[in-house]
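Subject: Structure for you to look at

Hi,

Here is the structure I promised to pass on. Have it open while you read, as my notes follow below.

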Amino acid sequence: MMDESNPYLPYIVRIEDAWYETPVGDRAVKTFRVNFTDEKVWDTWSHEPGNCAMVGRLGIGESMFCISSSPTEEGYLRFSIMKAGKVTSALHELEAGDTMTVRGPLGNAFPMAEWEGKNIVSIGGGIGQAPLRPVINYIRHNRDKYGDLKVIYGARTSDLHCFKGEFDEFTKEGTACHLAVDVEEEDWPHFVGFVPDLLMEVAPEPDNTIAVTCGPPILIKFVTQNLEKLGFTADQIYTTLEERMKCGIGKCGRCNVGSLYVCKDGPVFSYATLKEIPEAFA
Amino acid sequence: MVDEKKLQDKAKETLIRDDVRRLIGWKRSTYGYEAAPAVLTDASQADQLIFDPTCVQNLASFISLEEKKPVARGAEPDTRKIAVMVKGCDSRAIVQQLVEKAYSRDDVVVLGIPCMGVIDRRKAEKLFGETAGQVSAKVDKEKVAVDIEGDVKTVDRKDILMDKCLRCRYPNPLVSDFLLGEEVEKWADDDFADVDDFEKMSPEEKWKHWDEQFSKCIRCYSCKSVCPMCYCVECVVTQLKPQWTRRSTDISENTAYHIQRAWHLAGRCIECMECQRVCPVDIPIMTLNRKMTRDVKEMFDYEPGVDPEGEPMLASYNPQDPEDYIM
Amino acid sequence: MGDYKFAKDKLAEVLSALEEYEVFAPEAIGDVLRFKAVSDPAGVNLDDYDNTTVPPKELMFPQTETLFKYRLGQTDVEPELPDPSSKRVVVGIRPCDALAYTIVDNLYGWDFPDPYYQKRRESTTLVGLACAVPCSTCFCPSVGGAPASEKGLDALMFDLGDVYYVKALTDKGEEFGRAAGLEAAGDAESKAAAKQGEDALAKVPRSIETTGIPEHLPALYDDTFWEQFSDRCLSCGICTFLCPTCHCFDIQDECESFDGRRARMWDTCMFAEYTRHTSGHNPRPTRKERTRNRISHKYSYFPEKFDVIACVGCGRCIKNCPVNIDILDILEKSKQAGAKEAKTA
């Protein structure tokens with residue numbers, strides 16, 4: 001946990017490696033593998049899949065990102081960041097050897113313990129795979145504790161797929177991976193179309209299964225609808241929300257959806273919870 | 001005087017029109033010396049409309065305050081007009097907005113109201129104290145009668161009207177589709193005595209003055225929010241990317257904000273005084289704008305918001321324009 | 001706890017005696033009052049003062065505050081915490097504003113306690129001044145306060161004409177009484193104060209029955225009733241910046257050359273930028289959603305989390321709103337809308 005006496009003070013991390021997941025340019029996704037400059041931080045650090053952190057650069061500011069590595073990946077943290085605004089553009093300038101600030105872990109997590117023994121289906125779109133990646137890796141690294149794992153993932157084009165190499169690994173391990181691109185492209189052997197449609201084709205059995213989905217709001221909306229068509233109940237569906245954030249600790253106010261602060265009460269919510277909060281879908 | 005019944009009837013008639021989306025007028029506020037803006041969409045609501053010297057707010061601001069709702073695929077955007085009630089001074093905002101092509105003449109229905117002056121809440125509170133009750137008022141050539149829940153107090157109008165009224169040169173609307181009430185005679189003039197007074201101060205005194213005033217600023221941005229000429233979709237002051245102005249409140253950032261705003265209003269401010277009226281910490285913002293107004297008038301012989309056929313000062317060029325202000 | 005008094009014309013002497021404290025009192029610039037550190041005790045005037053325009057929340061939570069400093073290119077960050085050993089006393093704070101602290105304490109104390117706010121709270125003694133004449137927009141009794149409410153205060157003063165009667169309420173208040181060298185008060189003062197409190201209570205001009213509001217507001221999420229208020233909202237920050245319980249802030253990095261700081265500053269849910277995502281998407285795109293959020297946060301979301309309404313009835317938002325968006329009017333009309341909603345549901 002971070003400095004209990006002052007939750008606004010960040011840790012300093014050094015970038016060990018950084019690479020682009022998608023072609024360089026606006027809206028490119030870059031992954032940073034980082035380690036604390038003070039290795040003693042690991043003694044007290046503990047995060048869970050779903051947790052977030054404020055990642056920033058001194059002189060620019062900080063923004064909230066999910067920690068895209070599972071706690072079972074030891075010795076580093078990973079963040080996959082899309083270039084969009086002031087902070088992300090400044091972070092994208094950084095390379096291996098540079099430092100960033102990290103404040104976390106923040107927010108709640110996927111109830112991985114509760115899900116033991118269940119089948120998990122992960123449904124992601126674009127950069128939305130970032131919070132799902134730690135869930136998938138956590139299951140891979142605790143394989144005997146969970147049932148069947150299915151991964152459904154798509155992006156507009158195959159270039160825009162994040163974590164490209166990893167899906168092959170999953171398949172080798174026996175995890176069913178279903179990939180999609182929105183529009184037809186040469187030599188694409190997998191599904192062509194939108195993720196919600198792919199979901200209907202894969203048609204996972206709802207029995208003893210949890211569906212976790214993340215992506216653009218429109219994807220979440222249709223995936224959720226389709227999951228319900230497949231027989232999933234609201235409490236079997238989990239997603240993450242994102243809002244503009246500043247403090248990350250339930251003080252600065254802006255990330256509320258209804259009475260819930262996404263930074264503290266979230267980012268992970270069951271659809272059963274969100275259904276009761278109209279603002280969650282605003 | 002404006003007959004309220006006629007005003008309400010005209011409002012009803014306007015709201016019934018197929019090509020009118022909403023009408024903005026004034027209604028009695030829940031308490032105090034200032035009427036509230038009333039944004040109406042249905043003719044049945046027109047009975048609440050009023051006009052009297054409590055109707056201080058310049059409603060021209062509301063034309064640009066309405067958010068453009070996203071149009072559903074296949075649907076036509078709502079191009080119906082906004083009807084707005086304006087006093088003489090307020091009408092200058094409409095003229096200037098039109099001159100700047102903020103919208104087109106067809107987008108608005110202007111209901112003009114000849115005006116004998118409106119109450120300055122601060123002066124009224126000094127005279128009669130704060131009130132939790134509702135207030136109405138009447139004005140004639142000399143006196144203002146203020147009715148505080150039945151208790152009528154009469155004062156000289158110079159003691160209670162807004163400063164802008166005491167130098168009003170445009171009591172009658174300069175643009176309107178319908179005039180509600182008889183035109184009134186101009187009864188004051190503007191000699192810029194306030195600007196003269198300010199200019200008598202030494203540079204040190206001026207700095208001290210603005211230092212004290214801008215230090216108070218809490219950057220609530222009510223001045224720019226209420227200003228009918230501050231209608232930029234994205235204000236340079238609150239823009240986040242790139243960010244030109246810091247959010248921190250200190251004398252330097254606050255001063256920068258107010259100077260920026262004054263400059264952006266050069267040749268555009270129509271002197272409705274709304275910025276100063278709404279300021280919760282009483283910053284005399286109009287001093288800057290008034291100085292600018294006089295300079296613009298003297299240097300460029302330009303007065304914003306009076307000629308619907310004119311063009312914006314900064315968009316016009318005259319080889320005789322003075323250049324000595326360029327350092 | 002002790003009862004004290006001092007002659008009103010001795011106010012400057014009393015304030016001067018508080019050497020070990022940094023003393024804050026209302027200061028006027030023109031007609032605008034604000035709590036400031038007292039530089040000249042003789043200049044402090046607590047007569048003819050209803051309340052400060054800017055609430056004293058800024059004493060615990062300044063509008064702009066450095067969180068930490070750094071040098072660009074280096075990795076150390078240096079926190080700028082308030083000095084915990086400093087002692088501050090706020091003299092003349094109104095009971096509503098003291099009550100506001102007790103509400104905001106919940107937010108700054110939960111889960112990740114906020115050291116900046118808390119250190120200031122701990123080191124500050126609050127000496128209230130009961131309201132003999134409530135303001136025209138007050139409704140404190142409706143939300144747990146009163147013109148002579150003691151909640152959140154360390155001592156409460158009453159203006160009894162020639163003397164201030166000072167009722168110590170906590171150890172901190174007791175310490176203030178000793179430090180100020182106050183003499184003991186008698187029964188007469190205590191009775192006069194009680195009477196004044198009762199009289200003032202009867203004079204509070206506005207009120208609202210809050211029962212049921214936190215429960216029915218969420219049902220009005222999509223209701224059009226909000227628009228009768230939001231349609232005239234200017235999207236300025238007056239209501240929130242001047243609210244003693246509004247606590248939202250922005251965090252920004254600012255640099256001069258290589259010297260940088262991360263600072264926070266008041267922010268408001270009434271600004272469109274407040275919730276706007278980098279993508280341009282805004283979950284609260286219009287004044288309707290923003291108005292709804294302000295009222296719902298105070299009267300529904302906050303009570304749901306902390307079991308207390310985030311409003312103290314000081315009336316500042318009503319008094320300073322340029323377009324007469326009157327929170328009591330909204331709440332009353334929400335009841336009508338709520339009743340209608342319940343009927344159709």
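In chain C, strand β2 (residues 22–29) runs parallel to strand β6 (residues 88–93), and 3 bridges join the two. If you want a place to start looking, take C:E22: its bridge partner in β6(C) is C:R88. Do keep in mind that this is a predicted model.

That pair belongs to an open sheet of 8 strands in chain C, with the order β3-β2-β6-β7-β8-β9-β1-β10 and mixed pairing. The edges are β3 (32–37) and β10 (183–184) of chain C; each has a single partner strand, so one side of each is left without a neighbour in the sheet.

Next, where chain C meets chain A. Here 40 residues of chain C are in contact with 32 residues of chain A. On the chain C side, the elements that each supply at least two residues are β4 (64–71), β5 (77–79), α3 (95–109), β11 (249–256) and α10 (287–306). The largest share comes from β11(C), with 6 residues. Sorted by class, the side of chain C that touches chain A has 21 nonpolar, 10 charged and 9 polar residues.

Now for the inside. Which residues touch the most other members of the largest nonpolar core? They are B:V84 and C:M157, in a core of 260 residues. The element with the largest share of this core is α3(C), which gives 8 residues; α3 (95–109) of chain C also came up above, among the elements on the side that touches chain A. As for C:M157, leave aside its neighbours within four places in sequence and its contacts are C:V127, C:G128, C:L129, C:A130, C:Y164, C:Y165 and C:V166.

Finally, chain A as a whole. It has 7 helices and 15 strands, and its C-alpha atoms fill a box of roughly 50 × 45 × 35 Å along the principal axes. Buried residues make up 54% of the 282 residues in chain A. Looking at contacts in chain A between residues at least 6 apart in sequence, 69% join residues at least 24 apart.

Cheers

Notes
Residues numbered from 1 in each chain as written. Chains lettered and ligands numbered in written order. Predicted model: local features only at pLDDT ≥ 70, side-chain atom pairs only at ≥ 80, totals over all residues. Pairing = 2+ DSSP bridges. Helix = DSSP H or I, 4+ residues; strand = E, 2+ residues; numbered from the N terminus. Buried ≥ 20, exposed ≤ 12 C-beta atoms within 10 Å, placed from the backbone. Contact = placed C-beta atoms within 7 Å. Nonpolar A, V, L, I, M, F, W, Y, C, P; charged D, E, K, R; others polar. Core = buried A, V, L, I, M, F, W, Y, C linked by C-beta atoms within 7 Å.
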